[in-house]
Amino acid sequence: MRTLQKIGVLSIIPLYLLLHSAAWAADPTPTPAPKVLRWSGFDWQVRAGGGGPGPNNWDERNAWVDEQGRLHLKIANRDGVWSSTEIQLGVSMDRLGFGTFQTHMVGRPDQLDPNVVFGFYTYPPRDVGGDATNEIDIEFSKWGNAFAPIGNYTVWPAVNGAVRSWHGFDLVLDSDLSTHRFTWQSDKVSFQTLNGHRALNDSTGETASWVFDPRFPPAQTDNRLNQWYCSSHDPLQCISQKPQYFLINLWQVGGRAPTDNKEVELVLTDFTYVPNGTPPSPVPSSVPTPTPVTQPSVVPTTGPTVPPTATPRPTATPVPGSCYTAWGTDAVYLTGQRVTRNGRNYEAKWWTQGNDPTTSGQWGPWLDLGACTGTVPSPTSTPTAQPTVKPTVVPTTPPTSAPTVTPVPPVTPTPAPGCPPWQEGVSYAVGACVSYQGKQYTALIAHTAPVGGNWTPLVVPVLWQAK
């Protein structure tokens, strides 16, 4: 995902989700021909230079094929400069249509650093659609949020202005060998992640899966692991119907180095593409027809001509309806939370605080969901905090051992002698006790509260439970 992905949970979302970039931007000065790798029966261009997603430095030295025919992808640190890698199918920007896309991996995508993204995805040419449309993504990333799910399956709509659908999942593999695939059809997209290296029709060892069928939305459509937003229920609008570019990348969220400051390397043994159904009008390999003969100009100059092939669709993407709670300057927002700012709705791509949605931009932490109508509820001081923690303050009565006679033990919420005050920059283990604003809290997850992050027990209830 030119994120989200992309990536891009955050995608929670994906999702993904969303840190997308435009197609490869043309360099204003003449540059050498891109490096080309021959891998798994296909030619692949290796990206070099700077730009999104991230933005990142893209170094062609970070992708190579070994003597066994396996593709290596690396995030490297050379003399203090971090760089990422991306490859694109075909020397003439080839396009693939409906079919099954699969790769076998050697490595542990379930253990990637929170600042790292692996992407396996389609991406629309300019004549098919703009950024944040048409993509189909498998991405493994926490999008910089250690508490987000690492698995991301994302389907971007075929029309501008609509919202992507995303499924996130926590992933634990049983070895270094895994299989990742998605099958793209005109009416649905099916995703799978499996332990071990499996043949195309073998689902043994499945550890994650998702079928996105716009006609049959699930009962729960808006939560931490499932965000199903294609309200039209029309596959022609919810799923891309035209051939797309295909890319694989390994990159850094926001261009930030891995949190452990270690280089990252993944190995793909092969790539398989099997067309299925009736392929879209331009057959996968018929690249010359879309006119991108002048390859560099595909991205910057043909943007205004995107809509022609999708004339009937934009009308079917109505304004998202009701407004959400107004964005608050000091509030902390987790992946997937929605707010309203200046008459428009936004969704957090990852953990964020103090970032104005209206100035977020394409690579910022907010996804623009479009204009809204209705009244905007006033922002609560801390959107996710107090309501969930207060009810559990009193029920556990351990602090008052003797006074069982009086049924009102809550008189003991004064800071207890054994619980030090909560502090930023301190590492807390599971079960650690702190006092904050006259109450005691127990750590639910081992973590270090970042200095300046305002991860107080009230603001981040996912980390703390009131005693």
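The model is predicted, so local features need pLDDT of at least 70 and side-chain atom pairs count only at pLDDT 80 or more, while totals for chains, interfaces and linings use all residues. Residues are numbered from 1 along each chain as its sequence is written, and side-chain values use heavy atoms, with hydrogens and water left out.

**Disulfides**

- The structure holds three disulfides (a disulfide is a pair of cysteine sulfur atoms within 2.5 Å).
- With the bonded cysteines numbered in sequence order, the pairing is 1-2, 3-4, 5-6.
- The sulfur atoms of Cys-230 and Cys-238 are 1.6 Å apart, and the torsion about their S-S bond is about -80°, so this disulfide is left-handed.
- Both Cys-230 and Cys-238 are buried (buried means under 20% relative accessible area, exposed over 50%, partly exposed in between, with a 1.4 Å probe and protein chains only).
- Cys-323 and Cys-372 have their sulfur atoms 2.1 Å apart; the torsion is about 90°, so the disulfide is right-handed.
- Cys-419 and Cys-433 form a disulfide with sulfur atoms 1.8 Å apart, and this link is right-handed, with 85° about the S-S bond.
- Cys-433 counts as buried at 17% relative accessibility, and Cys-419 does at 10%.

**Nonpolar cores**

- The largest nonpolar core has 47 residues, and Phe-118, Phe-246 and Ile-248 have the most contacts inside it (a nonpolar core is a set of buried Ala, Val, Leu, Ile, Met, Phe, Trp, Tyr and Cys residues joined through side-chain atoms within 4.5 Å).
- Strand β19 (residues 264–275) gives the most to this core, with five residues (helices, H or I of at least four residues, and strands, E of at least two, are DSSP runs numbered from the N terminus).
- Another core lies apart from it and has 16 residues, including Tyr-428 and Ala-466.

**Aromatic pair**

- Phe-98 and Trp-184 form an edge-to-face pair, 5.2 Å centre to centre with 85° between the planes (rings of Phe, Tyr and Trp, its six-membered ring, pair if their centres lie within 6.5 Å; planes under 30 degrees apart count as stacked, over 60 as edge-to-face and the rest as tilted).
- Phe-98 and Trp-184 are both buried.

**Sheet**

- An open sheet of three strands has the order β26-β27-β29, with antiparallel pairing (two strands pair if DSSP finds at least two bridges between them).
- β26 (433–436) and β29 (464–466) stand at the edges with a single partner strand each, so one side of each is left without a neighbour in the sheet.
- β26 pairs with β27 (residues 439–443) over four bridges.
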